[in-house]
Amino acid sequence: MSLAQHLPALQVVLPLISAPLAVLSRRAGLAFLIVTAAAWTAFAIAIALWLQVDLSGPVSYPIGNWEPPWGIEYRLDRLNSFMLVLVSGMAAIVLPYSRASIEREIPQESHYLFYAMLGLCLTGLLGMSITGDAFNLFVFLEISSLSTYVLIAMGRDRRALTAAYQYLIMGSIGATFIVIGIGFLYLMTGTLNLADMVDRVARIENSRPGLAALAFITVGVSLKVALAPLHQWLPNAYTYAPSSVSAFLAATATKVALYALIRFYFTVFGDAFLFEKLPLPKMMLVLSLFAMFFANFIAIFQDNLKRLFAYSSIGQIGYITLGLSFDSVDGVAASIMHLFNHGVAKGAIFLLIGAIVARLTTRQAAPPAPGFDRIAGLAKSMPWTCFGIVIGGLSLIGVPGTAGFISKWYLVLAAVDKGQWWLVGAILFSSLLAVAYVWRFVEAAYFRAPPAGREAFGEASLFLLIPAWLLVGATLWFGIDTSFTVGSAIEAAQQLVHSHQ
Amino acid sequence: MTIAELTPGLALALGSLLVPLLRGRVRSFFLIALPVLGLAHLSVLSPGEHGVVSFLGQRLVTLRVDSWSMVFSWIFMVAALISSIYSLHVRTPLQATAGMAYAGSAIGAVFAGDLMTLFLCWELTAVTSVLLVWAGSGKNAYRAGMRYLIVQIASGMLLFFGALIQLNATGSLAFGHIGLDAPGGWLIFIAFGIKCAFPLLHTWLPDAYPEASEVGAVFLSAFTTKLAVYALARGFAGTDLLIPIGVAMAVFPIFFAVIENDLRRVLAYSLNNQLGFMVVGIGIGTEMALNGTAAHAVTHILYKSLLFMSMGAVLYRVGTVKASELGGLYKSMPVTTVFCIFGAASISGLPLFCGFVSKSMIMSAAGQGGYVLAWGSLMFAAACMFHPDIRVPFSTFFAKDSGKRCEEAPINMLVAMGISAILCVGIGVAPAYLYALLPYSVAYQPYSASHVLAQMQLLVFSGLVFAVLVRNRAYLPDLRAINLDVDWLWRRLGAGFSRVALIVWRSAAASVGDVLSANFNSAASLITRHRLPDGLLIRSWPTGSMSLWVMLMLFGYLLLYYVGV
């Protein structure tokens, strides 16, 4: 077999190898180079795989030549090749950014560990996306989760440790639930291969163990997704983690968990069963609306920028699950698009907030919270940073011309298609809440006078600005040229949604 | 897609982004060149639908060139040029940037051939123009701008909803005649109505315009409401309901305008009055009436911006436009005085000035159509509005000498006013050039003996009344006072509503709290407990309570699934 055929394996293996290499190197610079190279290669592979799926349909790769369903199978279709591009792309952008960003946020001696952990986290997320095996998915989930706990705990703020600990407990509960659910499925079907499971699940899904498996998986994954009311670990984790980690997690971790949810719901259990026989859609609808309004509302009253946008993430997840609850091609496509569009916009925002934090941090002290009193009048000294956050914010609101509009448009179309006009109102009204919190930033950064006594400082360094603005540019780009996002999402949704065909 | 396929608004909007990068003479040159090039661009457009793009599966027409869009885009571009010259003395780039982007989005909206593009430009005009309000110096500017923005965004939202309903019902987003019976028609009607300052929906206009900077008010007076007039004429021509609405718009601002002390607010009210004429024209819907509306929009932009420019010059030099504090300024600002009188003459419809040749078209159309009541009311409104209109130059430049002395307006302001004034007189003397632009072919002769005679009678008698009143000091004195418009009602209602809601919420929360537990804090603090950063729902939870939630969710799902199957 040529190298090209092994791309699915290399996708995961390269970042996996980079992590121990980074540890062995014990030098920040070298570790940075190794992991960054791995991330960039992974990005290139992800694009290659996406093209391959685009040209010649789904790809199946047996690990170690053990044929599925006995061996572990890596299986690529529209949906997860799209996810791979998002995850590896974010890593490729966040890693170069980290070098300048963690300078003051993480003690010098543990920099190489930071890169190793980021490499592992990337491995886990890519593995979760690519694998076609239920237990393998759990393993990769654990790899990404464990490395995430470490990454969060590396934040200099002492509360980072508590936040990481809390996330550790909650994440472990979630993972336990998932493995219990997978265990039930294995007991009932005798297979761990997701594709193989599909037909067998159809026979047992009415049984109590089948339903219990579904409940455990739903709750476990919802925890990782941070679907309200299981979101409580998220605000602290995003707030106290190092900036680049916040950005990477916000853009990828919850998104991959959502991918797992979609995979279990639509591929394994099948939407015909879930959405027509079970009260699941109503449940999802209620929880989504709760997230959209409650989290967006709370975001308005936050004083810490990172915390504000963390709550906004919880709200945005509500839109994604809302789209899923429609169980229509438009709705699921809107969700998949929003995964991507929100990831890009939120990643940009967190990277730019990191640039602000870097400016506010003095060398020895812990980074201060980017509160509204500290960022007052910031637009004068950091115009590019503030403008970038505003653009990202516009995408969160769903202003036309930004990526956020595209996914909201499809979401609205899906609601109209279902005849749910009141949901159109709910979507627009909750967007107004987003206007309110984005406006708080604009008001503080552009209209308030800088606090007396703040030292004058300039624009963020280009090492921080360029990666962040790449994402800002992507937010605008995918607001106009939608062929990649909309095209992938709609085809993926067509593969997932069966009940109407 | 060639350059000619791109909407001319885009060049202005994108060009505006370059303004902050430029300084001094280069910026001045750029600010003049941009609309001049825009005018050149307009002159090479050929009729038809251009700039068709496919976006999200919809066919969007970004450049629909026909007689309607041409007449409005011409005057918008001229207004952009005039306003931009008028703004040249300002050193900071914000206003010119916002103004250019605002003009660009208004022109983009005029060329929009579908509701999606219209919606985009609609919201863009709101966002860009609010910056001009905020550029105002008064302490109320920020709040007034905020209210303005909220109202404008709300208008856009209604338009969006209406467009969505139309898309759902017809599968098309094309922006043609809509009518009230069309799916989503009412929503779109109200969306246009808000921007057009229909009675009771008008409060944002006299609220925000007088708070804008001297340059901002000139930009604002040209685009927002006339864009709404254009949209109404496109979508709702011949809707009978528009006639009473227009009449009300023409009549009720009179009373506010007569007693108002802030002269730019007087102009805002009189702007609202003039819009009434256009709306009546749209309501009548005959070719002549629609021609009259289009013509009146053109002349109105010219003389209204001229008046706002002269008041802006006074504001710039003296620092106030309160009638009670001005007077006798003709000695200091003779040229501005002359221009202001030109503007007042035009707005009053004096023959040989542009207002006459357009307003009389609408009046004639009303007369010929048999709308006697509307015709009479408009006559009445025109006669009454004459007072506030001539009061503006009178109180400022003549009246009792306030003793204030200042310099003449800056040269760029004078040039801008001069262009407007020349156009006002030019159109008044040779209306054929204007008529050639109108949407329908015109067989109308404004300078017939009966027209001129009727209008002169009206004006002479009104003038006589004004003179007698001033002479006998019976005219309402210029008082420092604040007038309450219905926006007071809105604001009070809003505040009152939230207060009532709070009381209801508190009492509801109180009863729930009492029932649940005696340990609950007083119910009044419940809302703050939920809201403040340390509130119940926001503070970090202990890990145990989180796990509790996980268990609850699990049980919930298990139960629901078992019950559901």
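Predicted model: local features only at pLDDT ≥ 70, side-chain atom pairs only at ≥ 80, totals over all residues.

Biologist: Switching to chain B as a whole. What is it built from?

Modeller: Chain B has 22 helices and two strands. It runs to 565 residues, of which 52% count as buried. Looking at contacts in chain B with a separation of 6 or more, 79% come from residues 24 or more positions apart.

Biologist: How do those strands run, parallel or antiparallel?

Modeller: Strand β1(B), residues 48-55, and β2(B) run antiparallel, joined by seven bridges. As a landmark, B:H50 stands opposite B:L63 in β2(B). The strands make a hairpin with two residues between them, and B:L56 in the turn has a positive phi of about 55°.

Biologist: Why call β2(B) largely enclosed?

Modeller: Strand β2(B) covers residues 58-65, and six of its eight residues are buried, so the rest of the structure largely encloses it.

Biologist: Now helix pairs. At what angle do α3(B) and α4(B) pack?

Modeller: About 175°, with the axes 9 Å apart; α3(B) is residues 67-86 and α4(B) is residues 94-111. The two helices are therefore roughly antiparallel, as the angle is over 145 degrees.

Biologist: Which residues meet there?

Modeller: On α3(B) they include B:F72, B:F76 and B:M77, and on α4(B) they include B:M100, B:I107 and B:F111. By class, that contact has eleven nonpolar, five polar and no charged residues.

Biologist: What about α12(A) and α13(A), how do their axes cross?

Modeller: They cross at roughly 170° and come within 8 Å, with α12(A) at residues 305-326 and α13(A) at residues 329-360. So that pair is roughly antiparallel too. Among the residues that meet are A:F309, A:Y319 and A:I320 in α12(A), and A:H338, A:L339 and A:F350 in α13(A). The contact divides into twelve nonpolar, seven polar and two charged residues.

Biologist: What sits in the loop between those helices?

Modeller: A:D327 lies in that loop. Its phi is near 55°, a positive value in a residue other than glycine.

Biologist: Is A:D327 buried or exposed?

Modeller: A:D327 counts as buried, because 25 C-beta neighbours fall inside 10 Å and the cut-off is 20 or more.

Biologist: Where else is phi positive in a residue other than glycine?

Modeller: A:N65 has a phi near 60°, and it is found in the loop between β1 and β2 of chain A. A:N65 is exposed, with 8 other C-beta atoms within 10 Å.

Biologist: And which peptide bonds are cis?

Modeller: One runs from A:P68 to A:P69, with omega near 10°, and A:P69 is in the loop between β1 (59-62) and β2 (73-76) of chain A. Another joins A:A228 and A:P229, with omega about 5°; A:P229 sits in the loop between α8 and α9 of chain A.

Biologist: Back to helices: how far does α15(B) reach?

Modeller: Helix α15(B), residues 354-368, reaches 22 Å from its first C-alpha to its last, close to the 21 Å expected. It's mostly covered, with 13 of its 15 residues buried. B:G370 follows the helix, and its phi is positive, near 80°.

Biologist: Last one, α19(A). What do its buried residues pack against?

Modeller: They pack against α3 (78-105), α10 (243-276), α13, α16 and α18 (462-480) of chain A. The buried residues include A:V486, A:I490 and A:L496.

Notes
Residues numbered from 1 in each chain as written. Chains lettered and ligands numbered in written order. Helix = DSSP H or I, 4+ residues; strand = E, 2+ residues; numbered from the N terminus. Expected span 1.5 Å × (residues − 1). Buried ≥ 20, exposed ≤ 12 C-beta atoms within 10 Å, placed from the backbone. Pairing = 2+ DSSP bridges. Axes fitted to C-alpha atoms, helices over the stretch in contact; angles between N-to-C directions. Parallel < 35°, antiparallel > 145°, perpendicular 65-115°, else oblique. Contact = placed C-beta atoms within 7 Å. Nonpolar A, V, L, I, M, F, W, Y, C, P; charged D, E, K, R; others polar.
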